[in-house]
Amino acid sequence: MKKSIICISCPLGCNLSVEHDDKVIISVSGNACKRGPVYAQKEVFSPERVVTSTIKIEGAKIPLLPVRTDKSVSKDKMFEVMKEIFKLKVKAPAKRGDIICQDICKSGANLIATRTLDKI
Amino acid sequence: MKNDFQVIVIGCGVVGASIARELSRFDVKVAILEKEADVSFGTSKANSGIIHAGFHSTKGTLMARFVVPGNRKFDRLCDELEFPFERRGELMVAFDDNELRILQTYYKMGLDNKVPYMDLIGKERVLEMEPNVNPEVEGALYAPTAGIICPYEYCFSLTSNAQENGVELFLNKKVTWIGKQGNGKFEIETEDGSRFTSDYIVNAAGLYSDEIAKYVGITNFRIVPRKGEEYLLDRRVGKLIHRVIFPCPTSTSKGMLVIPTVDGPVMVGPTARDIEDKDDWATTRDGLKEVFTHAQRMVPSVKTSDIITSFVGLRPAAVGNNGDFIIGTTTVPGFINAAGIQSPGLTASPAIAEHIREVINKEGLRMELKPHFNPKRRRVASKVRHMLENRQYSQYGEIVKKDKTYSKLVCRCENVTEAEIVEAIRDGHTTLDGIKFATRAGTGRCQAGFCTTRVMEILHKETGIPFEQITKKGKGSEIAPYPIKKGGVE
Amino acid sequence: MTKNVDALIIGGGPAGLAAAISLKKNGIDNILIVEREDCLGGILLQCIHNGFGLHRFKEELTGPEYAEKYIEMLEGTTIETMTNTCAIEIVNEENSKTVYLMSEKSGLIEAKTKVVILAMGCRERNRGNIAIPGTRPAGVMTAGLAQKLVNRYGYMPGKEVVILGSGDIGLIMARRMTWEGAKVKAVVELQPYPGGLNRNIAQCLNDYNIPLYLSHTITAIRGNSRITEVDIAPINEYKEPKKEDTFTLKCDSLLLSVGLLPENELSQLAGVNLDRVTGGPLIDTNYMTNISGVFACGNVLHVHDLVDWVSEESEAAGKAAADYIRNQTIQKNKIAVRVGNLVRYALPTVLEPGKPGILSLRVIAPAENTTLYVKADDEIIYKKGHKKIFPSEMQRIEIKEVPQKAKMIHVYLE
């Protein structure tokens, strides 16, 4: 089977042509670096994405704290993770890197704060 | 009784506002009913802002009767109400012999209307005055008494001063029914269920003045919206022309003009197209092409790449009346029309207002001058903006020491500080468009990209209106209507 | 109130921060950063998505993280920062400059400085600029304003969205709005190729089956209080819409991602000459504008696609500014850089013979199997083959040494 995918490992966004037989990758072309085939392997059989969003924070100078998963999560868990993020709320202070939710939705990734907000 | 008045003015565009302000000089109980979320939100918001010299109006019409007296009153009004106004003068330019003959016709019309100081000038003088006019120009009719004004600031200033002198303004009150009580008073019902009573009604409802008249059984005129598209050009081309440049007119309009504005940018337009829908405020591709073709004929360096925004105005053209104003008493005692006011309505408005006041007086309403009438309206914050614009930094620095709200810049493009925004909000402008018209915040190059959230924060702080309910121009036009369940403004 | 500094940096975003740190590293102590928002970080603070820092920090970070890493570098230094402070005028004098500042806390400040670094970033092209026919209802806004409303304030501007322009901001917002529960019905792009990075097409559109209409434009906006629908039409080879193929999409919000413009109002007022193509100041190899002692870096100079290069460029500008403060260094030998037809711009527009140089450039249209050349007179001093090259990707060319005797530099694609 042939599949065209765009590699998202870096901003170059190479257009990859991938050949696979549903079990293994046969060939990858179009990549500018060695991250391409690694990405192709993942994308074809177990696609993953980093999820970024905001959660409500009380007691800081702004109402929202930006967050992200510290690793990419399985694509089919993406919306479940988003729904879980909707429910979350924290109190200031928050520090960049704080773990807001450990192993969110059993995805293997932690949800971390991406900004430091002091208590006002 | 609470909502009982002697005169109710329906519609608060420049006409309604002028009338209300004129009436506020007298000891008369007056109210204005305006259907939108702010005044000047109908035809008046899209006015070209020209105070005409008056040679366009045909002798014998009401337009001709009121245009020159109206024009004359603007210096005093400007002094009293502090709205931006400059007597720049206007040029009607001609490019061939036929057009030169047309100039002669308008010169005579001007003489008939007693337009002062007009002059027929030749090519050299035109180009000396306005070097950016097409060098193929052959001559022009010059009228130095024409001027430029900011129409909505004018309307706001009239309304504000009227209110200060006792007139009550009711916004969001669309009139849905008018009847007569046993005692001869009018009874007015509005869309939200409010009721008002009044001895006299002045119908200044612009596009909808025919529908208001229908409520009392008057059906002898119909208002047809005549659409005009205008394009605003970046202020960097503001120096292109100093005076208002007119072409020789067509049968339906004064033509597409090149208009300097008091604030700086240049406007081109308007088109003139009769339409059916009183709610069709859309600019069109064809309109753009039409405007620029005609404008470039007069001022060749006008370019579409200079456009910063565009808008539509709908003139309330009265059908079945030779397109003249419909002013004065009607078959219904107490119901007075100030309808069908298209160009030169803005110019004529002060004279129309005086006339309407006289009419009401003659109809039987006793009017004594108010001893404590305050003609002066003072806006403080905009003066400070002028200091900034004129680089008077030490003066500005002194003011900032006393009032910190002058040190927060809300609109970067137009130098509008928090103080000005707060002043506008306290003056009754609680929509982004209303604040925009009152302060110019949002009219510059970035078209409110930077200031929108800042203005919304100040509005929320001053009025308590929840962030998600802040509108562009009234209910239904909320900027950010959906709070994310987890978010909110502090 | 008056102040005296060695370097005044206008803008506390990634460009200003990197320039300040570089000035410090190169021996300058009295540095002031002025920022008009209430905190440092610039536009990065609302860019909560990842994709930043892969080159600079070898990790993929979100905007706020990247900004904070730089803000942390200010700690312990003597670099002073003033937030809620807007620069309103720069006056150029014989041996110094006076910058008038409006500070919310301290009122009007007259700051005397040896060097000014322009780092004001850019603003968005808007609906008014491109004159989309139709009405002016609520619900029409730039993608950046929508991003601020969603990420900083927590409000969605609409639930059924159409996006005009496939630049990165538009693509990112397509995903962001989808994640917050909106339905993004289409992304409409005038050009036959997308405006943003390929990876964003994948992770912002393809992932959510959001249709991308290339070579299309919006021909009408309808709705009086709030937008109700838009007309979309394909365009012909003259970029005119094909009326007969117009279709309508209902929506309650239209986001515009139709270009970024370096924000140089302040620069122009000060007499800085601008490059007509980039909209940013004309600079020499030292990032200095036509006014001695006034430097420019970051998006105010030209629009970047990666913040990593903003930081690098600003570090270089800071270093050059430090050199100017200490040694009054001015580039004396300048040779012009000319671009060939397929290159939209290259900067700086002058290089210095005998010295290294970095050229940043963008091509005019996508090209395949092509080579980027830099020639010094007749000698090829740089050559790189590209299988695919896009206008949305800024190219960086490092030249080890510009030949001493060169008279002109030529940059072109073949």
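**Reading a buried Asn and a chain interface**

Reader: What joins the side chains of B:N337 and B:N203?

Author: A polar contact of 3.1 Å. That term covers a pair of N or O atoms within 3.5 Å; within protein, one must be able to donate a hydrogen and the other to accept it, and residues adjacent in sequence count only if both atoms are side-chain atoms. By the way, this is a predicted model, where local features need pLDDT of at least 70 and side-chain atom pairs 80 or more, while totals for chains, interfaces and linings use all residues. Residues are numbered from 1 along each chain, chains are lettered from A and ligands numbered from 1 as written, and side-chain values use heavy atoms, without hydrogens or water.

Reader: Which residues is B:N337 in contact with, leaving aside neighbours within four places in sequence?

Author: Contact means heavy atoms within 4.5 Å. For B:N337, the list includes B:N203, B:F221, B:I326 and B:I356.

Reader: How much area do chain B and chain C bury between them?

Author: The size of an interface is often given as the accessible area lost when the parts come together. Here buried area (1.4 Å probe, summed over both parts) is about 4400 Å², 54% of it on carbon and sulfur atoms. B:R285, B:Y393 and B:Y482 supply 15% of what chain B buries against chain C, more than any other three residues. The contact takes 54 residues from chain B and 48 from chain C.

Terms used:
Buried area is the accessible area (1.4 Å probe) that two parts lose on being put together, summed over both.
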